[in-house]
Amino acid sequence: MARFRTVMAMVAIAAVGLALASCSRKITRVDVVQQPQTCFACHSDTNTAIVTAQLQWQNSKHASGGTLNENNGDCKGCHTSEGFVARATGTTIPDVVDNPTPIHCFTCHSPHTSGNLGLRWTAVATLLNGTTFDLHSGNLCAACHHARRSVSTYVTARTTLSSRWGPHHGPQADMLLGSNGYEYAGFTYDRTSHREATTANGKDGCLECHMKTTDRLVVGGHSFNMEAVTNGDTLLNVAACAPCHGTIAEFNDVDGIQAQVGTLITDLSARLQTAGLLGSNGLPKSVTTSADSAGAVWNLLMAQEDRSLGVHNAKYIIGLLQSSIQFLQPPGQASAVAARGRR
């Protein structure tokens, strides 16, 4: 029994020794960086800029969510916030976005990740035909607002038309840069200096006009609208034009460009319908034709989908329309409208 007590005492002493030894180990301190716990750690209640941006955005086409049904394949990369963020960050998401959200604040900005309101997308604007130009912050707009096809390969390879044939919606970047229209041999095409004028001295391309701040929430700012109807009144963001063109009452006051482009679009559309290439609904018919004839359809769709009636690049859009009309002109019939395109 005495021997057993001795053994147990030695075991107890050893255990105490081990416990003391473990207590002598070096403790490494880990500091946890405290993140802001409330919105007001970063935002004061006197800074209303973010509130203003939110209210402007609510009046934008982006906020409508009207095309959220385009939430699969390549479409989701521009029509859903989740798809665009995946493109911008290089991440992979399911082919179909369930419960998609429209383009909103965190689509373009990532303040809680980056710590600032910098833009997610900074890559230089590059069109599908390879044309590239640095629009600075406007590169974000061009990431989606460009034709989805290259005219140089698409028109010659796809001469069988259909209601879904063409550059697709939103070729504003193509028009601003003066590129990706169907250009006929022997016709001289010119371009305005809008792309240079809106990017000189650090200016931000598209945003120089579309974000021109006004005292209204429906045009300019994060609404991006150049025109809006509110309470029965049409508001035009003509202040964006003033730095270069002076005070104007409407966009057409600059050389009557919008009226001229509107006339050319109507003329070309009628000729394409007569040629059996365009339906009365304004969509291409399901017919097979030549590349030059298909090119005329392409130019009409480019002009219509640009939706600026020449403001983005008056000289280029007029050249595309005039050369298309000239191509469709019956032999021996004079074309004063088309002839003006010759230099």
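The model is predicted, so local features are given only where pLDDT is at least 70 and side-chain atom pairs only at pLDDT 80 or more, while totals for chains, interfaces and linings use all residues. Residues are numbered from 1 along each chain as its sequence is written, and side-chain values use heavy atoms, with hydrogens and water left out.

**Whole chain**

Begin with the protein chain coloured by secondary structure, which comes to 17 helices and four strands; helices (H or I, at least four residues) and strands (E, at least two) are DSSP runs, numbered from the N terminus. Of its 343 residues, 38% are buried, where buried means under 20% relative accessible area with a 1.4 Å probe, protein chains only. The accessible surface comes to about 19500 Å², with 56% of it belonging to carbon and sulfur atoms, as computed by the Shrake-Rupley method with a 1.4 Å probe. Among contacts (heavy atoms within 4.5 Å) with a separation of 6 or more, 58% are between residues 24 or more positions apart.

**Helix α5**

Next select residues 81-89, helix α5, in which Ser81, Gly83, Phe84, Val85 and Ala86 are buried. The buried residues of α5 pack against α4 (76-79), α6 (105-108) and α8 (139-142), and just after α5, glycine 90 takes a positive phi of about 70°.

**α14 with α16**

Now show helix α14 (residues 257-274) together with α16, which pack at an angle of about 30° with their axes 10 Å apart; axes are lines fitted to C-alpha atoms, for helices over the stretch in contact, and angles run from 0 to 180 degrees between N-to-C directions. The two helices, α14 and α16, are therefore roughly parallel to each other, a term for angles under 35 degrees. On the α14 side the contact includes Ile257, Val261, Leu264 and Leu268, and on the α16 side Ile317, Leu321, Ile325 and Leu328 are among the residues involved. By class, the contact of α14 with α16 has twelve nonpolar, three polar and two charged residues, with Ala, Val, Leu, Ile, Met, Phe, Trp, Tyr, Cys and Pro counted as nonpolar, Asp, Glu, Lys and Arg as charged, and the others, Gly among them, as polar.

Technical notes. Buried < 20%, exposed > 50% of the residue type's maximum accessible area, 1.4 Å probe, protein only. Parallel < 35°, antiparallel > 145°, perpendicular 65-115°, else oblique.
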